Amino acid sequence: MYRYDEFDHAFVSARVEQFKDQVERRLSGELTEEQFRPLRLMNGVYLQLHAYMLRVAVPYGTLSSRQMHKLAHIARRYDRGYGHFTTRQNIQYNWPALKDIPAVLDELASVEMHALQTSGNCIRNVTADHFAGAAADEVGDPRPYAEILRQWSSMHPEFSYLPRKFKIAVTGADRDRAAIQVHDIGLHLKKNEAGELGFAVYVGGGQGRTPMVAKKIRDFLPVEDLLTYTTAIVRVYNLSGRRDNKYKARIKILVHETGTEEITRQIEAEWQAIKETDLKLPQEDVDAIDTYFAPPNLVQRPEGWSGLAAARKADHAFSAWVDQNVTPHKNPDYGVVTISLKPIGGIPGDATDAQMDLVADIAEKFSYDEIRVSHEQNLVLPHVAIADLRIVYDLLLTDGLATANAGLITDIISCPGLDYCALATARSIPVAQRISERFGNPERQADIGELKLKISGCINACGHHHVGHIGILGVEKKGEELYQISLGGSGDEICTIGDITGRGFSSEEIVDAIETIVDRYLEIRTDKEETFLATYRRVGAAPFKDALYSEVANAA
Amino acid sequence: MSDIEQPAGELWGREGFREDPYVTAETLEEAGDAPAVILPLGAWLGLTEETRNASNRKIGVLVAPGESIEPLLPLLDSIPVIALQFPAFNDGRSYSKAELIKNQHHFKGELRAVGDVLIDQVAYMLRTGFDTMKVNHAVTLNRLAGHNLHDVPGYYQPGRGSHTASGTYSWRRVPGA
Ligand code: HEM
Ligand code: SF4
């Protein structure tokens, strides 16, 4: 993975020193909260319902064991013993004291981490496929490009005061695990006919109150043009994006209002003017960054396969976990392990300090020191030998980390909602917990199969509900929390925004309503191979609406 | 960003504070016989070529963030100063305009930032191509007087007032001409 050089170290420590000074001035009263606000936001510090919240960047979701130990230490020492992994591949601490935050930033800097640009109207933490560098279906590792973008966007003098936040996601496989089409810029690393690497470029996707699928504006952009082309896009946005209304300020609205053809013309015109400037990437620089992400030297472990069959036969629970949470690796002797942070009835994405330490220890011994944070709020061990699966599973089991539900209905994405978030209109975590309990039976969920359920506590859609196969949006109506359901959303390569079913459901009704939908799916699927999403795409919303609204009407 | 009438402010550039020879006026008439004037874009564009190029008087132009710089581009050689406005510190459009005017269109005159100029933005302004800033925010004035620019030791992108760092990636720069 990427390692800081002196340049990076000097940069990050200078920023920490500046922030220390600002915190001191705030604590002494020299700065008012209002004056302090833009300064703290630049350092990832939010003011939430109960306390300040610190959002730490995990660039493109990659962590070493040492970094994970540090996150555990921070949770223990400065917070209440846990952290929350988010859909932005970040970790959030909900209870740090302001006076401690500079010390936390120092601790982070000591392991080459920071909280910069996790907030504010700038280019945010660049996200990537959480299976990058390991997945069997990968064309190229997206992380070197995400790292180049991370560096280039750090304290960018021209792009630090954009109309609104700006999110870039990169994937290196045809199967999109990074939801690139719901980002401001989505980059799909691919090869052209000549075998050269480049990107399909998508612009103007996003969620929030006006969800939109990004438009592809270029089918193949050579790698050397990555920074010049991105500059052209962001410049056009900075100059023309709306600033009169913060709900219309994202690039998706600009693309929508200007038209894809015209915006593409403007971007291409700007790009022609800067294409040959200093930002054109020399191949040796790309190669140099690339070497940081060279795959680890995986030892051949062919013995794993024979042992695995026996171990699976002996233990049904282990076998189910292998089916659900282990995906193919480039190297057939290895697997990619998803560690579910969705225990049945638990809080999606939360991990205790002890769990983080355990994951770090396992990664050090069994995953070449690498861990990933997924946008689905899980952790990933990217390089586990098939021969070690059993022991890794047993270790995970010791602290509730072996839930075999990756991709199943209880692998719920949920935003913090009214339990933590100042913008929330409804609770989301308790709904997630109740749904998880309802469907917690392992056989039942396995029978239901792949089903992505996502919950947001308000229209900002931090919980990605628009792209949930089943999405739940909590709203407030006449002082009551109401949950709106949408169906058929998907954040992968065939990206769709879910359709709202109709009137919302109360907190008491919502879990039954979800069960009604699932039961109807089980009735009408052609066979077990037809997933919920595939069924929905075949039959549309009508059968589900019938089930939902007639049954509830009967019950009422 | 306060309602109180702000003082006219002080002009600052990399070399420190300096006299501002310009007065700002809505029209040339309003400026009387001041030898150096900055006019709003509309008024400036309404001047005849002869007036703009008159040797006895310098006439600069003030551009609001919502206004296009397009009509100025063919005329850059005749403009002594372009003042780009920051009505609020977080309206970042003028940064991109600075980049276009200075680096893409090679404007040789003075590029000035006016409006809500705060210490945390000064380094960004210098790097995108601003030569001067009109500052009236007290803390900012203090910090500038103390040469405390709130800057970082290295930059991750090319920009004014920096040079290539040897032995590292092409996009990186270190401060200094
Ligand atoms: C708790 C404090 C949080 C606040 C105040 C907050 C605020 C917001 C706001 C205002 C938006 C709407 C942006 C727009 O539509 O222009 C948004 C979108 C989003 N946030 Fe959050 N959020 C919070 C927590 C989170 C968490 C915990 C996650 C990850 C789980 C997250 C990830 C996202 C994502 C993925 C989007 C939607 C994608 C998009 O930007 O279009 N946020 N957030
Ligand atoms: S979706 Fe709404 S409630 Fe949930 S975290 Fe985002 S802003 Fe808060």
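Predicted model: local features only at pLDDT ≥ 70, side-chain atom pairs only at ≥ 80, totals over all residues.

Q: Which residue forms a salt bridge with A:R3?
A: That is A:E112, with the closest N and O atoms 2.8 Å apart. A:E112 lies in the loop between helix 4 (101–110) and strand 6 (127–128) of chain A, and A:R3 in the segment before helix 1 (6–27) of chain A, so the pair ties together parts that are 109 residues apart in sequence. Helices (H or I, at least four residues) and strands (E, at least two) are DSSP runs, numbered from the N terminus.

Q: New topic: how many residues of chain B are in contact with chain A?
A: In chain B, 33 residues are in contact with 43 residues of chain A, where contact means heavy atoms within 4.5 Å.

Q: And what area is buried between chain B and chain A?
A: About 3400 Å², with carbon and sulfur atoms giving 60% of that. Buried area is the accessible area (1.4 Å probe) that two parts lose on being put together, summed over both. In chain B, the residues that lose the most area to chain A are B:Y124, B:Y156 and B:W171, together 22% of what that side buries.

Q: How many salt bridges are found across that interface?
A: Six are found between chain B and chain A. The side chains of B:R143 and A:D21 meet in a salt bridge, at 3.3 Å from N to O.

Q: Now the ligands: what is the only protein donor of the iron atom of ligand 1?
A: The SG atom of A:C462, at 2.2 Å. Donors are N, O and S atoms within 2.8 Å of the metal (3.2 Å for Na, K and Ca), and water is not among the atoms, so sites may look incomplete. A:C462 sits in the loop between strand 17 (453–456) and strand 18 (470–477) of chain A.

Q: Which residues come nearest to ligand 1?
A: Of the 20 residues around ligand 1, they are A:T87, A:K167, A:Q207, A:R250 and A:C462; a residue counts as near if one of its heavy atoms lies within 4 Å. An oxygen atom of ligand 1 is 2.8 Å from a side-chain N or O atom of A:K167. For A:R250, a side-chain N or O atom is 2.9 Å from an oxygen atom of ligand 1.

Q: Which residues are around ligand 2?
A: Among them are A:C415, A:C421, A:C458 and A:C462.

Technical notes: Residues numbered from 1 in each chain as written. Chains lettered and ligands numbered in written order. Heavy atoms only, no water. Salt bridge = Lys/Arg side-chain N within 4 Å of Asp/Glu carboxyl O. Polar contact = N/O pair within 3.5 Å; in protein donor to acceptor, adjacent residues only side chain to side chain.
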